[in-house]
Amino acid sequence: MTSIDVQDLTKEYGARRAVDQLTFRVEPGRVTGFLGPNGAGKSTTMRLVLGLDRPTSGTAAVGGRAYATLHEPLRHVGALLDARAAHGSRTARDHLCVLAASNRIPNRRVDEVLEETGLASVARRRVKTYSLGMRQRLGIAAALLGDPEVVMLDEPSNGLDPEGIIWIRGLLRRLAGEGRTVLVSSHLMNETASFADHLVVLGRGRLLADTPMREFIHARVEPRVRIRTPDATALKTVLARHGHDAVQHEDGHWTVHHARVDDIGRLISQAGIPVLELAAEEGTLEQAYLDLTSTEAEFTAQPQEA
Amino acid sequence: MAFAPVLHSEWLKIRTLRSLPGALLALFAVTTSFSALAGTDGSSDPEFDPLFTALSGVLPGQIAAISFGAMAVSSEYHGGALRQTLAAVPQRGRWFAAKVTAIAVPALLVGLITAVTALVVARAGLGSVARELTVAEQVHAVLGCGIYLMLIALFAAGLTALLRSGVATLSLLIPFILVVSFVIGDAAGTVADFLPDKAGQIVMYQTYDGTLGPWSGLAVTALWTAAALLAGAWSVRRRDA
């Protein structure tokens with residue numbers, strides 16, 4: 001099993017601390033969303049894991065080894081850091097062949113990843129003719145080139161069209177399903193919520209949360225239940241008897257705060273109240289994230305560096 | 001990691017970027033055509049050196065060699081390309097050695113072919129003066145010229161890795177070659193012989209009066225190149241990518 005282990009990692013650029021004593025582990029078999037505003041240290045952490053920047057202190061390891069000691073690293077770790085990395089004057093296929101050659105990956109595999117990322121038909125076009133979305137796909141193709149156990153993608157949905165966003169969701173789920181370690185950074189909450197199982201949240205270089213996504217949301221957003229009934233009086237009475245607080249909305253539906261749908265469903269069924277609609281109002285990742293950041297005083301007090 | 005796959009990758013990088021084979025083609029075309037022109041200019045100047053005249057196309061032609069070396073390295077400093085490169089090859093010293101080799105070999109080969117062609121073309125114009133050149137003199141000059149063009153390309157490559165910018169390198173070297181070296185080259189005498197370009201060009205003369213001989217001159221250029229490459233390697237190894 002190959003995990004990413006970050007231990008007491010700190011990186012300073014001059015006086016600025018981009019990453020501050022970060023410790024977390026990214027486990028295989030699930031998609032870990034790497035969240036935080038721009039400048040929170042997500043990309044820096046990824047560069048440190050890849051051995052591209054030197055940490056001021058602390059360590060980062062992949063499968064227990066420092067990245068620089070990996071033999072033919074593309075076969076172990078695939079990363080998308082910057083979609084602009086491909087030279088505009090090269091064709092997509094040449095770009096991938098260059099990378100493949102350095103790690104003795106056969107050109108057959110280049111054609112496979114081009115097919116997989118939907119670039120096969122434009123593979124012999126120069127990269128400068130590509131849209132941002134196509135460049136992202138090429139960056140993802142490069143990350144998948146060595147069929148790696150660990151995949152790290154920095155903002156992969158940047159510039160992708162709606163079809164591409166759906167595609168990448170499926171891809172990430174599949175990679176995790178195959179038992180790979182998948183770390184995906186983003187500052188888009190709804191997007192991350194659609195594919196992540198687990199979250200690592202950074203703010204100003206520090207670790208704010210490292211929890212399963214469901215838990216993260218449940219711990220921070222109050223659960224609510226939505227009900228529609230023709231018998232409002234009976235509903236109010238039953239809920240009040242069990243200490244629940246219900247609020248009626250203009251269109252006639254009710255919201256029960258701090259309540260689980262399982263409990264409320266049983267109560268009103270036992271009371272014989274006719275129900276037209278009964279649903280849990282799930283908290284969103286965005287709400288949970290905003291709740292987290294508002295409790296981090298220092299985090300919101302100072303403007304973020306871009 | 002083994003060296004051969006890394007070298008293969010670096011060679012593919014040069015081959016698949018149109019501007020780089022283009023720069024080598026320009027090196028050949030500019031050098032041979034300027035040499036051909038110089039060959040037709042029958043001079044009666046007492047300092048007239050038929051061998052250097054025949055190879056004088058190298059003076060403008062070397063700008064293409066410099067561009068080749070600079071561009072081969074500067075392509076790594078756009079849009080985080082170096083990060084992708086070093087993620088594939090984390091051994092930075094080995095990667096830089098492969099890059100340098102992938103620049104040196106084609107520069108040397110094209111340099112040699114260019115020198116032979118320039119000499120042949122110029123001889124046709126020079127006529128009788130050229131026939132006095134011995135075989136040994138011509139072989140020396142051609143070999144030296146090829147090595148010189150390789151060294152000057154590598155000098156630019158090292159400087160680009162140090163400055164992390166092809167534009168900075170070219171805007172430093174091209175004015176230097178065209179202006180500084182040209183102007184003080186005639187004025188300053190012996191000190192100018194130790195400039196990276198002047199020193200290495202001595203090997204292309206039939207006779208040359210100066211502190212340096214043909215091979216020691218080339219060695220001086222090689223020292224400049226080694227210094228630039230070491231500085232470039234230091235930059236690649238020490239700095240965050």
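This is a predicted model: local features need pLDDT of at least 70, side-chain atom pairs count only at pLDDT 80 or more; totals for chains, interfaces and linings use all residues.
Strand S6 of chain A is paired with two strands of chain A. Strand S5 (residues 77-80) runs parallel to S6 and is joined to it by four bridges, and within this part of the chain A:Leu80 has A:Leu153 of S6 as its bridge partner. Strand S7 (residues 181-186) also pairs with S6 in the parallel sense, here over five bridges, and A:Val151 stands opposite A:Val182 of S7. Together with helix H5 (residues 162-177) of chain A, strands S6 and S7 make a right-handed β-α-β unit.

With regard to the chain as a whole, the domain assignment divides chain A into domain 1, covering residues 4-211, and domain 2, covering residues 222-281, and the C-alpha centres of these two domains of chain A lie 45 Å apart.

Chain A also meets chain B, with 29 residues of chain A in contact with 25 residues of chain B. On the side of chain A that touches chain B, the largest share comes from helix H2 (residues 92-102) of chain A, which supplies six residues, while by class this side has 14 nonpolar, six polar and nine charged residues.

Technical notes. Residues are numbered from 1 along each chain as its sequence is written. Chains are lettered from A and ligands numbered from 1 in the order in which they are written. Domain bounds come from an automatic or database domain assignment. Two strands pair if DSSP finds at least two bridges between them. A crossover is right-handed if, with the strands pointing away from the viewer, the path from the first strand over the helix to the second runs clockwise. Two residues are in contact if their C-beta atoms, placed from the backbone, lie within 7 Å. Ala, Val, Leu, Ile, Met, Phe, Trp, Tyr, Cys and Pro count as nonpolar, Asp, Glu, Lys and Arg as charged, and the others, Gly among them, as polar.
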